[in-house]
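Subject: Structure handover

Hello,

Here is the structure you will be working with. Please open it and keep it beside this message while you read.

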Amino acid sequence: MSAAQIRFATLWRREVNRFMKIKKQTLGAPLLETFLYIMVFGAALGSRIKQLHGIEYILFVIPGLIMMAFSVNAFTNNSSSILQQKFQGAIQDQLSSPASPLELLLAFSLGGFVRGLIVATLTFAVSGILVGMPVDHVLVLVPSLFLVGFFFSQLGVLTGVRAEQFDDVAFVQTFVLQPLIFLGGVFYSAALLPQPFETLTRFNPLYYMINLVRYGFVGFTEVSVPLSLLALTAATAAIFAINLRLFARGYKLRA
Amino acid sequence: MTPQALHIKDLVKRYPNGVEALRGVSLEIAPGELFALLGPNGAGKSTLIHCTTGLAQPTAGEISVFGHDAIHDYAEARQAVGLAPQELNIDWFLTAEETLDYHAGYFGMPKRERRERTRELLETFSLTEKAQERTRTLSGGMKRRLILARAMMHRPRLLILDEPTAGVDVELRLELWHYVQRINQEGTTILLTTHYLEEAEQLCDRIAFINDGQIVGEGTSAELSARYGVANLEDAYLALVGRNELSRSHIEVAAQ
């Protein structure tokens, strides 16, 4: 391995080891949370609702839950890790190393991405065993999940870098992310909403992400798949470019 | 011509709030020197160090380390610098051993070499028994030792020690002095900031005074005392900060 490869591998390993050291909180809790949702919305409500758009209700809900697990964990991990290291001053160790802004940004991003991927994969595996979760369009599912995970990793990095206190991270998670996810149609179809809520839902970017992932799993979508994929790719590229620019400028990282 | 270990020219650092922490600092440290930077709190010592190590971005000026640009094309320059900062900035999640291992990894050191170097420095700084302990459980003195070990992990040619003996007991301070002298004799250039003037006087070849973001005096301890027309480095320092009335010679005269 070259010195640059060792450097990047170490930066990334540090991020992964951080959440692996507190597995109960970083992997156990989100897994439990997802299964509670499956129990309540899938098993309890599912017995009443039966089907949505011809799809068994629990199969309609699980793709959204998998996407939610991926995005929330990617976001939370990166925002907390960066803010915590800023508080301790420990981030100076990475910042004073020869690592480039791109290496630092990718390593911080990949920590949350891997955590989100682990939770999402475990949720999918157990759903597969419990309810026989299908995968109808793997070529849409894989890039969609990858983009969703990467987008929220970047959003987590951006929030962590900008944040000056833990309240700043909690604010984005509780007052921005959570409402957008819940109102993005994880548990219902936007077509069932009265106006103006049906139209409003279409302004929620999470709605398109949930539909892409749902299409990948069960083949049902309320939005255009190519257009949504294109928009998600553009949004992910844009937030990555913003973060890279902030890292290069040292925004709130270097005095 | 052999490049200087540290070359700083007309360095200016203005923070976004308008505070000008460095106002045209120029400084040269030759390879192999043990150099002290002295000055009151807020004089600009840490800002100068942060600019050299990439933790602060200079507003204007030049910095090079062993001939490598430390501002724009910084990879080689940072590789050559080891920083032991004033704050105990270690990661609570890591063990002492991981702290050293990760640091060396950030500087591209291969695994086997990292393992050997970690063992060696844990031993040198009497931390072997604490290798697997999380850093937050270490005492203040142990954390200080760990930070020094971390700075040395990647075998930097220029070691920057920002008040390394602040808040440590006498025994550790003397141990550190011995260690600093030893690695300096082995060829490492050292830039030391301290508030203990006797430390600078005993350890360092040359000393610079910084005040209000400017270098206001530079030379050996004897040269600086002569420049201010006083008997020792402490009085020269007091002359610099405009507090001559605190000189021990005044106190002794008053006691008589």
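Residues are numbered from 1 along each chain as its sequence is written, and chains are lettered from A and ligands numbered from 1 in the order in which they are written.

Confidence

The model has an ipTM of 0.90 and a pTM of 0.90. The mean pLDDT (the predictor's confidence in each residue, from 0 to 100) of chain B is 91, and 98% of its residues score at least 70. Within chain B, α3(B) has the highest confidence, at 97, and helix α10 (residues 248-255) the lowest, at a mean of 67. Where pLDDT is low, the predicted coordinates should not be read in detail.

Chain A

Chain A has 10 helices and 2 strands; helices (H or I, at least four residues) and strands (E, at least two) are DSSP runs, numbered from the N terminus. Their order from the N terminus is α-α-β-β-α-α-α-α-α-α-α-α. The radius of gyration of chain A, taken over C-alpha atoms, is 19 Å, close to the 18 Å that the globule rule (2.2 Å times the number of residues to the power 0.38) gives for 255 residues, so chain A is as compact as a globular protein of that length. Along the principal axes, its C-alpha atoms fill a box of roughly 55 × 35 × 35 Å.

Of the 255 residues of chain A, 46% are buried. A residue is buried if 20 or more other C-beta atoms lie within 10 Å of its own, exposed if 12 or fewer, and partly exposed in between, with C-beta atoms placed from the backbone. Is Gln5(A), for instance, buried or exposed? Gln5(A), in helix α1 (residues 3-21) of chain A, is exposed, because 10 other C-beta atoms lie within 10 Å.

Domains of chain B

Chain B is divided into domain 1 (6-80 + 157-219) and domain 2 (87-155), with bounds from an automatic or database domain assignment. The centres of the two domains, taken over C-alpha atoms, are 22 Å apart. Domain 1 of chain B gives 7 residues to their contact and domain 2 of chain B gives 7 residues; two residues are in contact if their C-beta atoms, placed from the backbone, lie within 7 Å.

Between the chains

How many residues of chain B are in contact with chain A? There are 26, and they meet 24 residues of chain A. On chain B, α1 (45-53), α2 (75-79) and α3 (96-106) each supply at least two residues of this side, and the largest share, 4 residues, comes from α3(B).

Nonpolar core

A nonpolar core is a set of buried Ala, Val, Leu, Ile, Met, Phe, Trp, Tyr and Cys residues joined through C-beta atoms within 7 Å. The largest has 143 residues, of which Val213(A) and Ala149(B) touch the most other members. Helix α3 (residues 57-88) of chain A gives the most to this core, 17 residues. Not counting residues up to four places away in sequence, Ala149(B) touches Leu100(B), Leu121(B), Leu122(B), Phe125(B) and Leu127(B).

Regards

Conventions: Predicted model: local features only at pLDDT ≥ 70, side-chain atom pairs only at ≥ 80, totals over all residues.
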